[in-house]
Amino acid sequence: MEKQNKKLSQSQKIFIGLILGVIVGIILHSFVPDSHFKNDILIEGIFYTLGQLFIRLMQMLVVPLVFFSIADGCRNLGDTETLGKVGIRIVIFYMFTTALAIFIALSFASIVGPGKGMNMAIGSQSFEVDKADISLKDTILDFIPTNPVGALAEGNMIQIIIFAVLVGLLIASMEERLTTLGNIVTEMNDLMMGMTMWVMKLAPIGVFFLIARTFASLGYDAIISMLSYMGSVLGSLAVQLIIVYMLLVVIFVRVNPFSFLKQFAPVMTFGFSTASSSATVPIHIQTLEDMGVDKKISSFTIPLGATINMDGTAIMQGVAVVFISNAYGIELTATDFMTVILTATIASVGTAGIPSVGLITLSMVLESVGLPVEGIAIIMGIDRILDMARTTVNLTGDAAGTMIVANSVGAFDKNKFNSK
């Protein structure tokens, strides 16, 4: 019998890196005594540095990749009517699922009752957080960059997206005069995708060090005391992912949800490991193309989703509001719940797709209903593991919305999807 040498796929390598990272992290946390070598040299030295090196390589690519992929995508869409159909539909999907996610979180947490009996006193926690003073008018005005170069330098994703859309549409409308510029945009997009694929070869190593550090640093005492909070967040995330997204995919696209999850698993695994929606944009677009979604659509909707579609983050904020209100013995009214839904939905638009940023915008949500911001200190210890889970939900929501919109405009190849 001849031996068949099957090479591991990239997604399998990433998954192996994740599992090994979990095992090594748990061993270090549970069985290796604290020491200068373990804590400072190994976990916060080698693991932290190598993990962050990989994250920085991905972050290095995000701004140019988002700009050129959206500009090229809009150029290829060719006309404002098609872009308008895609843009309006995907934004409606994102806003609807975000508001629904918060409603699910508030309902789930109200039933479970996380934080009850903790009897926290206001002022008992010391915590400082950057204020996220986000209002509706400021959010709308902040969409338009006063300095596009500054927006690119600062990584202001929503402003970059707006500018890229305008550049792409103008190139499309002036194609005869801007042929060279159009080709440059396409070639730069190809270059960034190629560079991304090169960086992704390091993903299994980067994932290993990121996950190993997370689990080596995670205190089990903190997890046990916060089980009701964790359960509420994870339960709400599961409802959003398995029921809401898959139901929408079945209704509007008529595809097998289990096949969807199987094919999308590499993106979910990578997103879970990095806890960053933005860092996952390249592999996200490529995976959806392999699943039958026209790249012209995903090149626009995925970077947009990484900026404004934060259902997982919204769920965390909804549960956190109930948890903190119970912990401090502060009752919330129906009006307060409506305020949370509105405020968290608005906040999600301005939330960057980077790890743990949801804690910053959570301060604004808490203040909107008069809850103490210091309550965030209680949940910070276990936020990393929940951040990874909610990033996975964010990415799945982006993919489901993209597939639904692509199907509605005839840009989804169902035969290609079913052939996998």
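Glu44 is partly exposed, at 36% relative accessible area; this class falls between buried (under 20%) and exposed (over 50%), using a 1.4 Å probe and protein chains only. The model is predicted: local features need pLDDT of at least 70, side-chain atom pairs count only at pLDDT 80 or more, and totals for chains, interfaces and linings use all residues. Residues are numbered from 1 along each chain as its sequence is written, and side-chain values use heavy atoms, with hydrogens and water left out.

**Salt bridges**

- The structure holds three salt bridges, each defined by a side-chain nitrogen of Lys or Arg within 4 Å of a carboxyl oxygen of Asp or Glu.
- Glu44 pairs with Arg213, at 3.0 Å from N to O. This bridge links distant parts of the chain: Glu44 sits in helix 2 (residues 36-77), Arg213 in helix 8 (residues 203-217), and 169 residues separate them. Helices here are DSSP runs of H or I with at least four residues, strands are runs of E with at least two, and numbering starts at the N terminus.
- Arg213 is partly exposed, with a relative accessible area of 26%.
- Asp34 and Lys38 form a salt bridge at 3.2 Å, N to O. Asp34 is exposed at 63% relative accessibility, whereas Lys38 is buried at 4%.
- Asp387 bridges to Arg390, with the closest N and O atoms 3.4 Å apart. Both residues lie in helix 18 (residues 383-408), three residues apart, about one turn of the helix. Asp387 and Arg390 are both buried.

**Aromatic pairs**

- There are ten aromatic pairs. Rings of Phe, Tyr and Trp (its six-membered ring) pair if their centres lie within 6.5 Å; planes under 30 degrees apart are stacked, over 60 edge-to-face, and the rest tilted.
- One of them joins Phe93 and Tyr94 edge-to-face, at 6.1 Å centre to centre and 65° between the planes. Phe93 is buried at 9% relative accessible area, and Tyr94 is buried at 0%.
- Phe47, Phe208 and Phe209 are linked into a cluster by ring pairs.

**Record annotation**

- An unreviewed UniProt entry lists "transmembrane region" for residues 12-33, 53-71, 91-112, 157-174, 195-216 and 228-253. Positions follow the numbering used here, feature names are shortened, and annotations may be inferred rather than shown by experiment.
- Residues 53-71 are 100% helix and 0% strand, with end C-alpha atoms 28 Å apart.
- Residues 91-112 are 100% helix and 0% strand, with end C-alpha atoms 31 Å apart.

**Backbone**

- Most residues other than glycine have a negative phi.
- Arg254 is not a glycine, yet has a positive phi of about 60°.
- Arg254 lies in the loop between helix 10 (227-253) and helix 11 (257-274). Arg254 is exposed, at 62% relative accessibility.
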